[in-house]
Amino acid sequence: ASLYVENVSAGNDAKISSAGMNVRHNIAPIGRLEAPKKLSAKVGQNDGEIILNWDPVRGARSYVVEITTDANVPSSWKHKTNVTESSASIRGLTSGTKFWFRVAGVGAAGQGPYSGPESKYAP
């Protein structure tokens with residue numbers, strides 16, 4: 001019945017309401033994403049493994065994770081991985097080395113800003 005009303009009404013709110021149906025409104029676009037918050041880096045269960053977690057970003061479909069050994073050199077940041085959850089397991093890191101991580105959400109409007117950096121020594 002709802003498909004019939006949708007076709008006959010051609011999206012006219014008054015006609016949809018007169019048929020006794022609720023009118024669905026289009027969802028407003030989210031626009032530019034916020035930077036991920038509460039990024040944390042913890043030692044993983046394996047040598048050379050760091051586990052990253054952060055708060056999900058509204059509207060993000062995926063996340064970009066970058067890594068560096070010197071957060072003071074902007075050009076040193078390198079792409080490490082893309083994930084669809086608000087966590088990532090980074091493996092194969094050199095034990096005893098301090099690594100810095102940052103994360104950005106990616107949504108319909110493109111990539112948002114990076115989180116603040118978080119560091120951890122690889123186990």
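Q: How many residues lie between E1 and E2 in the hairpin, and which residue in the turn has a positive phi?
A: In this predicted model, six residues separate the two strands of the hairpin. Gly-48, in the turn, has a positive phi of about 75°.

Q: What makes E1 and E2 a pair of strands?
A: Pairing requires at least two bridges found by DSSP between two strands. E1 and E2, the latter covering residues 50–53, are joined by four bridges in the antiparallel sense, and therefore they meet the requirement of at least two. Individual partners can be named: Val-43 has Ile-50 of E2 as its bridge partner, and Ala-41 stands opposite Leu-52 in E2.

Q: Why are E1 and E5 described as standing at the edges?
A: The sheet is open and has three strands in the order E1-E2-E5, with antiparallel pairing. E1 (40–43) and E5 (87–90) each have a single partner strand, so one side of each is left without a neighbour in the sheet. From one strand to the next, the twist averages 20°.

Q: Why is Ser-87 called partly exposed?
A: Ser-87 is found in strand E5. The class in question lies between the limits of under 20% for buried and over 50% for exposed. The relative accessibility of Ser-87 is 30%, so this residue counts as partly exposed.

Q: Which residues does Ser-87 touch, not counting residues up to four places away in sequence?
A: Contact means heavy atoms within 4.5 Å, and on that basis Ser-87 touches Leu-52, Asn-53 and Trp-54. Ser-87 and Pro-56 are 31 residues apart along the chain, and their C-alpha atoms are separated by 8.9 Å.

Q: What makes the pair formed by the rings of Trp-54 and Tyr-63 edge-to-face?
A: A search of the whole structure finds one aromatic pair. The ring centres of Trp-54 and Tyr-63 are 5.3 Å apart and the planes stand at 70°, so the pair is edge-to-face.

Q: How do you know whether Trp-54 and Tyr-63 are buried or exposed?
A: Buried means under 20% relative accessible area. Trp-54 has a relative accessibility of 4% and therefore counts as buried. Tyr-63 has a relative accessible area of 3%, so Tyr-63 is buried too.

Q: Which residues stand opposite Tyr-63 in E6 and in E4?
A: Gly-105 stands opposite Tyr-63 in E6, while Val-83 is the bridge partner of Tyr-63 in E4.

Q: How do you know that E3 pairs with both E6 and E4?
A: Seven bridges join E3 to E6 (residues 98–107) in an antiparallel arrangement. E3 and E4 pair over five bridges, also in the antiparallel sense.

Q: What makes E3 a strand with both faces covered?
A: Seven of the seven residues of E3 are buried. In a regular strand the side chains alternate between the two faces of the sheet. On one side of E3 the buried residues are Ser-62, Val-64, Glu-66 and Thr-68, and on the other they are Tyr-63, Val-65 and Ile-67.

Q: How do you know that Ser-76 makes a polar contact with Asp-70?
A: Ser-76 lies in the loop between E3 (62–68) and E4 (78–83). A polar atom of the Ser-76 side chain lies 2.9 Å from the backbone oxygen of Asp-70, and the limit for a polar contact is 3.5 Å. Not counting residues up to four places away in sequence, Ser-76 touches Ile-67, Thr-68 and Asp-70.

Q: Why is Thr-97 called partly exposed?
A: Thr-97 has its place in the loop between E5 and E6. Its relative accessible area is 24%, so Thr-97 is partly exposed; the limit for buried is under 20%. Thr-97 touches Thr-69, Lys-120, Tyr-121 and Ala-122, with residues up to four places away in sequence not counted. Thr-97 and Thr-69 are 28 residues apart along the chain, with their C-alpha atoms separated by 7.8 Å.

Q: What makes Arg-102 a charge over the ring of Tyr-114?
A: Arg-102 lies over the face of Tyr-114 at 4.0 Å from the ring centre, where the distance limit is 6 Å.

Q: How many helices and strands are there in the protein, and what pattern do they follow?
A: There are two helices and eight strands, which follow the pattern α-α-β-β-β-β-β-β-β-β along the sequence. Of the 123 residues, 29% are buried.

Notes
Residues numbered from 1 in each chain as written. Predicted model: local features only at pLDDT ≥ 70, side-chain atom pairs only at ≥ 80, totals over all residues. Heavy atoms only, no water. Axes fitted to C-alpha atoms, helices over the stretch in contact; angles between N-to-C directions. Polar contact = N/O pair within 3.5 Å; in protein donor to acceptor, adjacent residues only side chain to side chain. Phe/Tyr/Trp six-rings, centres within 6.5 Å; stacked < 30°, edge-to-face > 60°. Buried < 20%, exposed > 50% of the residue type's maximum accessible area, 1.4 Å probe, protein only. Lys NZ or Arg CZ within 6 Å of the ring centre and 35° of its normal.
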